[in-house]
Amino acid sequence: MPSAVLIANPSASQFTGGGFRLIRDTLAGGYDLRTEWPVAPHETTEVSERAAYDGVDAVFAMGGDGVAHHVANALVGTETALGLIPVGTTNVLARILGIPSKPLRAAEAAIEFDPMPTRMVRIDATTDVGAMTRHATFSVGFGFDADVVEVAELRPFAKSRFGGVHYATTAITRLLSTWRSEHPNLRLECDGDRFDAVVALTQVHDPYTYFGRLPLRLTPHAPEGIATLAGNDLGVSRAAEIFSRAALGASHREATGVRFWSDYERLTIDAEPTTPFQADGEMLGRAHRAVVTPVEDAIRVLRPPAG
């Protein structure tokens, strides 16, 4: 019988004790299972790293995208697979990768899933506190996008109760109060092309969304690799155009004040002054410089085959 660790986050919005016991018993039907209850993100990482070092076959993240992010970062480049039991508010990664939305169904399906090589994005950043390397499972944001995440996290109850609606209202408030008058402080360079921006959003998989079942697409058709959208201002009309094109799945290539890159190997971002940045909705700090690169087959995930 394969071995597994179940990491539970009892603060996740849909977590219940009864649900946990049901998931534990279900997974124990297919795995030699042990459970862990880390109380902080760094403990989640440490438990996951130790499991990979010990040769455990799978680590299950029972929580939201935050727990999945920390487990995934610990498992990059190892043979230990990531399993997802979605009990968070938005569960973006689980939705993108085709994991059943109901926790019990996700556990039952995981026993049958094979570990599938899955893309991630690597961020190498220079921050105020030194160098940092982090991987993202579904998104990376610089500037406005990261600021919205940071402000939204200040009201955890609203995040837990209202999910994507909370992020949307926070984005509108920050746009109207601060960002619509911001000047570009990001210099992006990709494939020899340079562009100055106030926001840069990278999607790792298609589609991308924080907003429930509403998919946001940067291109009419799914790109082969990662894709980044940058805007040089966030006036009300420009912001509305960017969002409406993403919601409709229209191309951004012909939009004014916007630059789009896809299927690239390296994106460099320099910020003056420093810019906030996030990965998978987790604030990482403020960066002077960052290099974003795709890592194909970075991690093995228990999920349906792509396509």
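The largest cavity has a volume of about 50 Å³, where a cavity is a set of points, on a 1 Å grid over the protein atoms alone, at which a 1.4 Å probe fits but cannot get out, and a volume is the space filled by probe spheres set on the points, with grid points joined across faces, edges and corners. This is a predicted model, in which local features need pLDDT of at least 70, side-chain atom pairs count only at pLDDT 80 or more, and totals for chains, interfaces and linings use all residues. Residues are numbered from 1 along each chain as its sequence is written, and side-chain values use heavy atoms, with hydrogens and water left out.

**Largest cavity**
- Its lining, meaning residues with an atom within 4 Å of a point, includes Asp65, Leu84, Ile85, Pro86 and Asn91.
- S4 gives the most to this lining of the largest cavity, with three residues; strands (E, at least two residues) and helices (H or I, at least four) are DSSP runs numbered from the N terminus.

**Second largest cavity**
- The second largest cavity has a volume of about 40 Å³, and among the residues that line it are Arg119, Met120, His205 and Val301.
- Strand S5 (115-127) supplies the largest share of that lining, three residues.

Key. 1 Å grid on protein atoms, 1.4 Å probe; cavity = no way out; pocket = protein on both sides within 12 Å on 5 of 7 lines; lining within 4 Å.
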